[in-house]
Amino acid sequence: MARRENPEINAGSMADIAFLLLIFFLVTTTMNVDSGVSKKLSEKPPIDYVPPVIKEKNIFEVNINRNNELLVEGDRMEIKDLKEAAMAFIDNGGGTGNPDEDGTPGKACDYCKGERSDASSDHPNKAIVSVQSDRGTEYGTYIIVQNELLRAYNELRDRLSRERYGISFEELEESFKDAKKSADLKNRVEQLRRKVEDIKISYPQIISDAEPTS
Amino acid sequence: MSKFRKKKKGMPAVNTASLPDIVFMLLFFFMVTTTMRETNLVIENPRLPAATEIKKLEDKSLVSTIYVGKSKDANRDGVGFNKIQLNDKISTADQVPAFILSKREKIAEQLIPLMTTSIKADKESNVGTIIDIRLKLRDVNALKINYSTTAGKKN
């Protein structure tokens, strides 16, 4: 008789408890996505490598000293002005660009909106930004400078992309990535890839790190 | 009439007894697949600089991380923000090539050019340390690097 009165444990709320646990774990799990400023290093030059002669006017010299102060093209500058100065230099378009791979001579930059002064860069694909820092420079400052220079390039790319294709460069790259993932329309992917390449070649990012002063 | 009544009465409740099992299964799945960070920091958590022009690192398995910053144990490692941590201990820049090579062993050969080195350095570290690391990376042809930063505000 006593056996029959032993009631079953109500397991109805078990699901609620488990759900609560599940949601707790889902919420507290943080996916820390690593992000940062990407750079590609140049390959190690062979021992007998002779660096090509580059005209002074095609080099944009940025120096950072050990007190985190900036010297741009021989003048002191604040970090906030760096982007404008870099853009003016890259976008100058005073002469002709590098010849193509197939040997056709370089053309003048027809999409540049700079001053076309003789004293600044010839063409975006000839313009070299050279950053020289001291060994004692703070890493934070170094990254800010790199970031400002990248911003200058990205702004120019953005402008060109809007002009040619009507959307910002960021959106263009984004849609290219999406198209690649779905991969259903081959010629759309190809078309977008060509657009992205076109912008990238028009304003190539040439930022070099010079040997540090110590 | 009797037929009609029978139908109404015989509608059974959905058995929810196995619902906890399903949910527990989900719970265990998430608990097992969540990976913890495998290196513990010997240096203090680096205060990353902020930047706006950033890219996400896509494939975690292809990323090797180098930390630069201040040691937690100043008596053992000395002071200053220029300590390099590889795996679980403080090292020098000379040990960077060996570190990269050991990471490469685990990766398929055709994926090696896609490997990225992420440098997580403190704001107050010196550029000299970073350049030392960079030269060593260039020696072993690990050319893709990423300076880890936080996302800053665009203006």
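A residue is called buried when its relative accessible area is under 20%, exposed when that area is over 50%, and partly exposed in between, with a 1.4 Å probe and only protein chains considered. By this criterion, buried residues account for 39% of the 155 residues of chain B. The structure is a predicted model, in which local features need pLDDT of at least 70 and side-chain atom pairs count only at pLDDT 80 or more, while totals for chains, interfaces and linings use all residues. Residues are numbered from 1 along each chain as its sequence is written, chains are lettered from A in the order in which they are written, and side-chain values rest on heavy atoms, with hydrogens and water left out.

Chain B contains five helices and eight strands; helices (H or I, at least four residues) and strands (E, at least two) are DSSP runs, numbered from the N terminus. Along the sequence these elements follow the order α-α-β-β-β-α-β-β-α-β-α-β-β. Chain B is assigned domain 1 (2-33) and domain 2 (50-151), the bounds being taken from an automatic or database domain assignment. The centres of domain 1 of chain B and domain 2 of chain B, computed over C-alpha atoms, are 52 Å apart. Strand β3 of chain B (residues 63-69) includes Val68(B), which counts as buried because its relative accessible area is 0%. The C-alpha atom of Val68(B) is 9.4 Å from that of Asn45(B), although 23 residues separate the two along the chain.

Surface patches consist of residues with over 30% relative accessible area and no salt bridge, like charges being joined within 9 Å and nonpolar side chains (Val, Leu, Ile, Met, Phe, Trp, Tyr) within 5 Å. A salt bridge requires a side-chain nitrogen of Lys or Arg within 4 Å of a carboxyl oxygen of Asp or Glu.

A nonpolar patch of about 810 Å² includes residues of both chains, among them Phe19(A), Val27(A), Leu19(B) and Phe30(B). Two or more residues each come from α2 (14-28) of chain A and α2 (19-33) of chain B, and α2(B) contributes the most, with five residues. Val27(A), located in helix α2 of chain A, is classed as exposed because its relative accessibility is 63%.

A patch of negative charge is formed on the surface by Glu56(A), Glu61(A), Glu73(A) and Asp75(A); Asp and Glu count as negative, and their charges are placed at CG of Asp and CD of Glu. Glu61(A) belongs to strand β2 (residues 59-64) of chain A and is partly exposed, because its relative accessibility is 33%.

Technical notes: Accessible areas come from the Shrake-Rupley method with a 1.4 Å probe; for residues, only the protein chains shown count as cover.
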